[in-house]
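Please read these points alongside the coordinates.

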Amino acid sequence: MKIALVVLVILLVIGLMLGSSFVGRRNQMAVKREAVNGAWAQVDVVLQRRADLIPNLVETVKGFAVQEQIVYGDIAKARSALLGAHSPAEKIAANGQLDSALGRLLVVVENYPQLKSNENFLRLQDELAGTENRIAVERRRYNEAIQDYNTFIALFPNSLVASMGGFARNDAYFKTDEGARQAPKVNFNYGNTPAAAPTAPTPAPAKP
């Protein structure tokens, strides 16, 4: 009887330890998952900020380059896709399209040097550049949060707890080229390329 009681106590202690470990690991996963959600919320805010700036920027450029309708149409479609997306994966894909469309807009801008004297455009361009910098920061933090979460749930025995607790791997990373992570820059030094150094005149041939 005493042996059975000791065994029962040992089993109860083991069960409590396992249960406590399960609950503790599951709570850690929940915290890390919420960290991912919080990081994404910050990304979403700055993406929305950029989406709000784009219409005014496009209208300003149209005042100087009204004929670039294809570029404006691509930007409008990409912006609409971003605003209509719901999941992070959908918004990340739409954001990539918008990055590409904005890049083409900046190419258009470089063909119209008179824009450099337009105060409204300069202000909007500065706001957009600041927003792009903020996007890069928040995007990096979001990717780091996802990586931390995915690594944690992949470790043993966390993987068992994740499987039983309904925690799945999250692959909604931002996977953009390094150049796309940089804030768009507009070169306003149109036509101001350094002049070539003057060359010495070729001496006339000596008379015989």
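1. Does Arg-104 count as buried, partly exposed or exposed? Arg-104 is partly exposed, at 34% relative accessibility (buried is under 20% relative accessible area, exposed over 50%, partly exposed in between; 1.4 Å probe, protein chains only).

2. This is a predicted model, in which local features need pLDDT of at least 70 and side-chain atom pairs count only at pLDDT 80 or more, while totals for chains, interfaces and linings use all residues. Residues are numbered from 1 along each chain as its sequence is written, and side-chain values use heavy atoms, without hydrogens and water.

3. The side chains of Arg-104 and Asp-74 form a salt bridge, N to O 3.1 Å (a side-chain nitrogen of Lys or Arg within 4 Å of a carboxyl oxygen of Asp or Glu). Asp-74 lies in helix H2 and Arg-104 in helix H3 (residues 88-110), so the pair ties together parts 30 residues apart in sequence. Helices are DSSP runs (H or I, at least four residues), numbered from the N terminus. Asp-74 is partly exposed at 27%.

4. The whole structure holds 12 salt bridges. One of them joins Glu-59 and Lys-62 at 3.5 Å, N to O; both residues lie in helix H1, three residues apart.

5. The axes of H1 (residues 2-62) and H2 (residues 69-84) come within 11 Å and cross at roughly 160° (lines fitted to C-alpha atoms over the stretch in contact; angles run from 0 to 180 degrees between N-to-C directions). That makes H1 roughly antiparallel to H2 (over 145 degrees).

6. A cis peptide bond joins Phe-156 and Pro-157, with omega about 5°. Pro-157 sits in the loop between helix H4 (119-154) and helix H5 (158-165).

Key
Helices (H or I, at least four residues) and strands (E, at least two) are DSSP runs, numbered from the N terminus. Angles under 35 degrees count as roughly parallel, over 145 as roughly antiparallel, 65 to 115 as roughly perpendicular and the rest as oblique.
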